[in-house]
Amino acid sequence: MDKKKRAGRIALFTCAALAFLIASLCTGGGGEHESIQEVMQDAVLHTSAQIGFFGLEVNPGLISAFTVTGVLVLAALVLRVFVIPRFQLIPGRVQLLLEQAVGLFDGLAKTNSPHRNGFLGAYIFAAGTYIFVGTLFELFGVQAVTTAGHSVSLPAPLSDINGAIAMGFLSYGVILAGGIAANGLRGAGKTLKDFSLPISMSFRLFGALLSGALVTELVYYYIQLSFVLPVVVGVLFTLLHALIQAYVLTMLTSVFYGEVTEPSEKSKHSAAKKAAAH
């Protein structure tokens, strides 16, 4: 009986797949109203998909950023009030997941910045979580209405160039502040020497996250490819970029932070003399 049911399901899925394939091959060009260049340009610049926000016309990425930030702040409050006070010596699933996530970023901070890593661990945990959750946000397909009256799906916050630049310069500011706190003007000089770092961070984030959006837009544009395939492509690209970009930015931030906060030779020598005197 089980074999018959299994064979029936396989036959049903096969028929459905063949039906989608035949439909995609028999369908015409799709009746697109925009050229592929216009579709790509709008995906990057959002020129025709502005959203009203308190009387202003803003990019959909800003609405996504506010939404993701609100969700993360609410989740942090819920965890702090209802979950963390109930932590036990033998952790449950939620406690184990949180401890593993915190331990991952804390270990990354201590490995790359052994001298000053308290604030660094907290920052890269927050930044990595924001990048990961913000990238996965576009999978939910949250809809918004543009000023022209059209419905659009909100993108990942960092697929907007403004969001990527803000994240890159914020990370650079954390590195600069750590260098000043650890080594004063010398630390500031070491940080400012790598003046191209915030630009490279910003465009690395923007380019990586935007590539997945453009590939998905390209697949959707041609109706012959718009059956089943966009789901696979979108999910794979989104998950891959969420993991890779969260790791890359946090790793770069912790490495450069560790370099600019490393004590100078004079500080090391004086610390060694004090230790020997004691």
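**Briefing: core, pocket and loop features**

Thr-253 touches Leu-120, Tyr-123, Ile-124, Ser-171, Ile-175 and Met-201, not counting residues up to four places away in sequence; contact here means heavy atoms within 4.5 Å. The model is predicted, so local features need pLDDT of at least 70 and side-chain atom pairs count only at pLDDT 80 or more, while totals for chains, interfaces and linings use all residues. Residues are numbered from 1 along each chain as its sequence is written, and side-chain values use heavy atoms, with hydrogens and water left out.

- Thr-253 lies in helix H9; helices (H or I, at least four residues) and strands (E, at least two) are DSSP runs, numbered from the N terminus.
- With a relative accessible area of 1%, Thr-253 is buried; buried means under 20% relative accessible area, exposed over 50% and partly exposed in between (1.4 Å probe, protein chains only).
- The largest nonpolar core has 36 residues, and those with the most contacts inside it are Ile-124, Ile-131, Leu-158, Met-167, Ile-175 and Leu-205. Such a core is a set of buried Ala, Val, Leu, Ile, Met, Phe, Trp, Tyr and Cys residues joined through side-chain atoms within 4.5 Å.
- Ile-175 is in contact with Thr-191, Leu-197, Met-201, Thr-253, Phe-256, Tyr-257 and Val-260, leaving aside its neighbours within four places in sequence.

**Helix H4**

- Helix H4 (residues 93-112) has 20 residues and reaches 29 Å from its first C-alpha to its last, close to the 28 Å expected at 1.5 Å a residue; the expected span is 1.5 Å times one less than the number of residues.
- Its buried residues are Gln-95, Phe-105, Leu-108 and Ala-109.

**The second largest pocket**

- The second largest pocket has a volume of about 1000 Å³. On a 1 Å grid over the protein atoms alone, a pocket is an open set of points where a 1.4 Å probe fits, with protein on both sides within 12 Å along at least five of seven lines; lining residues have an atom within 4 Å of a point.
- Of the 32 residues that line this pocket, Leu-98, Ala-101, Phe-105, Phe-125 and Thr-129 are the closest to its centre.
- H4 gives the largest share of this lining, 10 residues.

**The loop at Phe-54**

- Phe-54 lies in the loop between strand S1 (51-53) and strand S2 (56-58), and has a positive phi of about 55° although it is not a glycine.
- Most residues other than glycine have a negative phi.
- Phe-54 counts as exposed because its relative accessibility is 77%.

How values were computed:
Grid points are joined across faces, edges and corners, and a volume is the space filled by probe spheres set on the points.
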